Structures are given as C-alpha cells and as structure tokens.
Amino acid sequence: MKVIVLGAGVAGVSTAWFLCKAGHEVTVIDRAEAAAMETSFANAGQLSYGYTTPWAAPGIPQKAAKWLMKPHSPLIFRPDGSMFQLKWLKQMLENCDSGHYKLNKERMVRVSEYSREMFARVIAETGLAFEGRNKGTLQIFRQDKEVKAAEKDMVVLAEYGVPYKQLSALECLEYEPALAGAVGRLAGALHLPNDSTGDCHLFTTRLAELCRENGVTFRFNRTIERFDYSGKQIRAVYAAGERFGADHFVCALGSFSRPALLQLGLDLPVYPVKGYSLTLPVINPQEAPVSTVLDETYKVAITRFDERIRIGGMAELSGYQIRLSEARRKTLETVVNDLFPQGGDITRGRFWSGLRPMTPDSTPIIGRSGFDNLTLNTGHGTLGWTMSLGSGKVAADIASGVKPEIRTDDLGLNRYGKYSQSI
C-alpha cells in the first residue's frame, strides 16, 4: 500500500518508521527543510512515561487564576481573537473534575507505557543513539500541598505497575546531588526510575535517516495546500503545487493538523500551546543535573544531555504566532539559577519557542477520522516525544488494517462527538 504521512516531526517520523517496517511504500511531506525543525526541535528532553498527567485537572481553574497574577507564571493566556480558542478553553474546563481526570490519566498512561515498550524494541533493533540517559525523573515539590496532590497520581501509577518512590527533601540528593544548595527549599519529591531523557531532535533526525535507508521518501519545503477527495475517500494531497496521490494518508501535523483538515469538514480540538526552552553548555558537570528534574511549582523541567542542559516549560495560550519573550526566558533562568546555579553558562544560552498540539483532555487523537483512508496521529501536547513511538505504532497498525496491541477505541476523534465535525 502507498501511504503518505503529513508531518516530519517526531510523531510523523515514528509513524513512517512503523509503516515502512510493515512493508508499505511511504512518503513523508513537511513544510520545513528537514525533519524535526519545529515542535520537535528543542523540547525539554524528557521521556516522561511515569510523569504522564493531564493538564486538565481538579483545581486547575483556581490555580490558573492565581498563576496569571505571578511574574513567573507557568500559564500565560492572551486572547487570540478566535472563537476556537474560547471553545477549546470551555472543553478543557469541562475536563477539570476528578472523573475526567482519572479517565484521561488512564488513557495517557496507557499510551505512554506502550510507547516505553516501543522505545525498548526500536533501540534494541537499531541501536539508535540520541544522548539518552536512563536515570529517571525527579519531580520536586516546593510546597506540602503539592506533595499531597501527587498522591492521586501515585494511585494511577500503582494501578499500571509504574514504579515510583516518594522522597523527603534530603533523599532527593541520592538522585540529584547537585540539588544540595536548594534542598532547604523543597518539601519532598517523587522519583520515577523508568523515565528517560535525551535529545528529541537528534532522535528524530536519526530515525528519519533509518527510514530513508528502509525506503521512505521525504519531501521537504512543501506546505500542504489542499486535498483532492470525493465522499469519504481522499485521492491526493497538493503541496507546493505538486500532487501526491496515495492509498492511505496519516495526519501528524501537530498544531497545524486542525487548519489543514478543516477543508475536509474535520474540526480537530487541537490548540497550539506555546512552550519555551533554554539550552546551556555545561561548565561544571558536578553542579549540573544527572537526569531530569521537574519543578512542580513552575512546571519547568531541567534536563541533562551529554554536554548541555535543557530548561523547558510553561504553557502560553496565545495563538499560532511564535515570539521569543524575554519574560519567559527570565522564568527559565530563574528556575535553573535557583536549583543548579553553577551547572551551565547562562550567558551562552540558546532560547527557543515551539507550539505543542494540545487537546482539551490532554489525550492525543489517534485513530480513524471519518474518512476511509485518513488516520490521525496528533494532539500529544507536552508529551509528543514520550508518546511518539507508541502512537506511531498504533497509527501504523490502524492504517494497515491491523488490530493495535493496546486498547484504542477511546483515543480517536469520535470521543468529541459533535465537536469533531465542522460541516
């Protein structure tokens, strides 16, 4: 079967990998000049299988109101003038209760844990290297109420057999010795030993090279313009004036999935949530993090690569425009200076911003679209890399007509009912 994958980020390339391994003729189309040049370029570097948590959660509306008043808020909201933003926010608020939270958490953990299995398989098969570390995530809490709130997450982790260890502030030093200067400001932590780290851009570009070696064709510098379709069958997609026909199509366009598919009558509830990162060269390895430290108060992750430190986080709802805000940079600098002041050189930091494709319930949309030959793989939010190989395998199986290895009936667009159709 001839398959076209729309999007060469980590979700699209992962899907292409499994499609080509299944024996299909695969072409990947992307508007950038190479793979992983947008959202997958400089994310926080986490493979957070254990820290898989919906943004929509009990108490979030109240917290958000307080966050918006803080100088280093993890949430920034600016009206973008669209009804879509307001509708998306309404849907997200509808998910901020304990029932929806538990349901969405279960869905997300299911995909993440399956993705962890896929990472193990792919790395065992390919030996792919991406500055990875397998030393877990240390989620630190600065307030006792954050420790208390984490108990709900521990229940779900236990249900899925995800290992974790609750720590006192002093016990954090066993996993991250360089936190010694900050331990007095911590209330406790949660260590997730199965989590990993690495460079998502490096991973994606190297996986793309393996795809090429297995026959996948990449067509870069081609923006999706329109579809040729009849009824529920797509015949071709036009990009940069060129027609690309196929038997099946997979949409992995991240935040741009919704505008691309509106012409098909599909109204995907995927909103671009802007995130920021700062990458520093390591100047004192002993004072730098060992793996990933996730600061629950600021919603900022600090991750160690071989010779670099990546600080990433925040959620800005302000539309599609990417603008490097100095206020956001200051937040990232504040957190890393508080926790690892001697680890990296801030004066040589590289500042970046990207759009994460977020659904109102934080769960990705993986599955059929209502068109006979269009599969969706989008809406992964802040966990795109974590879920990439798992969702890529599921999407490839669905496109191939093969029953996925995990439950998928509640991962598709159909869970949004009336919201999924614009016409």
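1. Helices (H or I, at least four residues) and strands (E, at least two) are DSSP runs here, numbered from the N terminus. With that in hand, A240 lies in the loop between strand 11 (233-239) and strand 12 (242-245). A240 is not a glycine, yet has a positive phi of about 50 degrees. For exposure, buried means under 20% relative accessible area, exposed over 50%, and partly exposed in between (1.4 Å probe, protein chains only). A240 comes out partly exposed, because its relative accessible area is 47%.

2. A word on the ground rules. This is a predicted model, where local features need pLDDT of at least 70 and side-chain atom pairs count only at pLDDT 80 or more, while totals for chains, interfaces and linings use all residues. Residues are numbered from 1 along each chain as its sequence is written, and side-chain values use heavy atoms, with hydrogens and water left out.

3. N221 is another one to look at for its backbone. Most residues other than glycine have a negative phi. N221 has a positive phi near 60 degrees and is not a glycine. Its place is the loop between strand 9 (217-219) and strand 10 (224-230). Buried or exposed is N221? N221 is exposed, because its relative accessible area is 52%.

4. On the record side, UniProt (an unreviewed entry) places the feature "domain: FAD dependent oxidoreductase" at residues 2-397. UniProt positions are given in the numbering used here, feature names are shortened, and annotations may be inferred rather than shown by experiment. In the model, residues 2-397 are 31% helix and 26% strand, and the end C-alpha atoms of that stretch are 14 Å apart.

5. Now the second largest pocket, which holds about 310 Å³ of space. Of the 17 residues lining this pocket, A64, L75, L89, M92 and L317 are the closest to its centre. Helix 2 (60-67), strand 4 (75-77), helix 3 (83-94) and strand 17 (308-317) are the elements that give two or more residues to the lining. By class, the lining has 17 nonpolar, no polar and no charged residues.

6. The terms behind that point, for checking. On a 1 Å grid over the protein atoms alone, a pocket is an open set of points where a 1.4 Å probe fits, with protein on both sides within 12 Å along at least five of seven lines; lining residues have an atom within 4 Å of a point. Grid points are joined across faces, edges and corners, and a volume is the space filled by probe spheres set on the points. Ala, Val, Leu, Ile, Met, Phe, Trp, Tyr, Cys and Pro count as nonpolar, Asp, Glu, Lys and Arg as charged, and the others, Gly among them, as polar.

7. Aromatics next. Rings of Phe, Tyr and Trp (its six-membered ring) pair if their centres lie within 6.5 Å, with planes under 30 degrees apart counted as stacked, over 60 as edge-to-face and the rest as tilted. By this rule there are 12 aromatic pairs. W88 and Y271 make a tilted pair, because their ring centres are 5.5 Å apart and their planes stand at 35 degrees. The pair links distant parts of the chain, with W88 in helix 3 and Y271 in strand 14 (residues 271-281), 183 residues apart. Both W88 and Y271 are buried. Elsewhere, ring pairs link Y49, F119, F130, F203 and W385 into a cluster.

8. Which residue has its charged end over the ring of F84? That is R258, 3.6 Å from the ring centre. R212 likewise lies over the face of F218, at 4.6 Å from the ring centre. A charge sits over a ring if NZ of Lys or CZ of Arg is within 6 Å of the ring centre and within 35 degrees of the ring normal.

9. Two buried loop residues. G198 lies in the loop between strand 8 (196-197) and helix 6 (200-213), and is buried, with a relative accessible area of 0%. S325 sits in the loop between strand 17 and helix 8 (326-339), and is buried at a relative accessible area of 6%. From S325 to W352 is 9.5 Å, C-alpha to C-alpha, and the two are 27 residues apart in sequence.
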